[in-house]
Amino acid sequence: MKLNKSVEQAVYVLLLLALQKDHRPLKSQVLSQNLQVSDSYLKKILTKLSHADLVQASASKQGGYQLAKPIDQISLKDVYFALDQQTKTITFSHLSKALFAEPEHIKESEQKIVQTLLAGEEAFYERLDELKLASLLHKEAYTTGVIDWEKRLE
């Protein structure tokens with residue numbers, strides 16, 4: 001399985017925000033510089049995280065992005081869904097019709113495949129939900145926020 005770069009960036013943005021000293025807001029440019037990623041691409045990710053209520057944005061001079069809820073309430077599934085990475089629908093091209101003549105057998109076979117894929121997907125999402133992002137950090141570090149990411153760039 002290949003990890004989508006937007007999922008990886010989103011996870012680390014949320015961790016940066018959780019660790020920000022006194023949980024002060026951070027500008028996207030500070031986030032992108034610390035992660036060494038494109039600011040324009042990161043802004044797209046931040047917009048999606050904002051729409052999913054994982055971060056909140058403030059447009060003031062001292063504004064920026066902050067967590068919208070505590071990091072221990074955010075799971076990997078939340079990130080995955082915020083970035084719209086989940087499967088939309090399962091569709092078939094019905095190639096089996098070119099090989100087999102029994103429509104009922106084809107239908108049953110396709111239903112078995114769909115059921116198996118859906119069960120696997122559900123199990124996948126359950127596992128993603130089990131991983132809270134806070135488990136990637138030391139509790140005392142994210143409780144108060146201990147790193148000044150702006151000063152780290154100086």
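Tutor: D39 has a relative accessible area of 21% and is partly exposed, where buried means under 20%, exposed over 50% and partly exposed in between, with a 1.4 Å probe and protein chains only. This is a predicted model, in which local features need pLDDT of at least 70 and side-chain atom pairs count only at pLDDT 80 or more, whereas totals for chains, interfaces and linings use all residues. Residues are numbered from 1 along each chain as its sequence is written, and side-chain values use heavy atoms, with hydrogens and water left out.

Student: With which residue does D39 form a salt bridge?

Tutor: A salt bridge is a side-chain nitrogen of Lys or Arg within 4 Å of a carboxyl oxygen of Asp or Glu; D39 forms one with K43, with 3.4 Å between the closest N and O atoms. K43 is partly exposed at 40% relative accessibility.

Student: What contact does the side chain of S28 make with the side chain of D39?

Tutor: The two side chains make a polar contact at 3.0 Å, the term standing for a pair of N or O atoms within 3.5 Å where, within protein, one must be able to donate a hydrogen and the other to accept it, and residues adjacent in sequence count only if both atoms are side-chain atoms. S28 itself is buried, at 9% relative accessible area.

Student: How many salt bridges does the structure hold?

Tutor: The structure holds five, among them the one between R24 and D148, at 2.9 Å from N to O.
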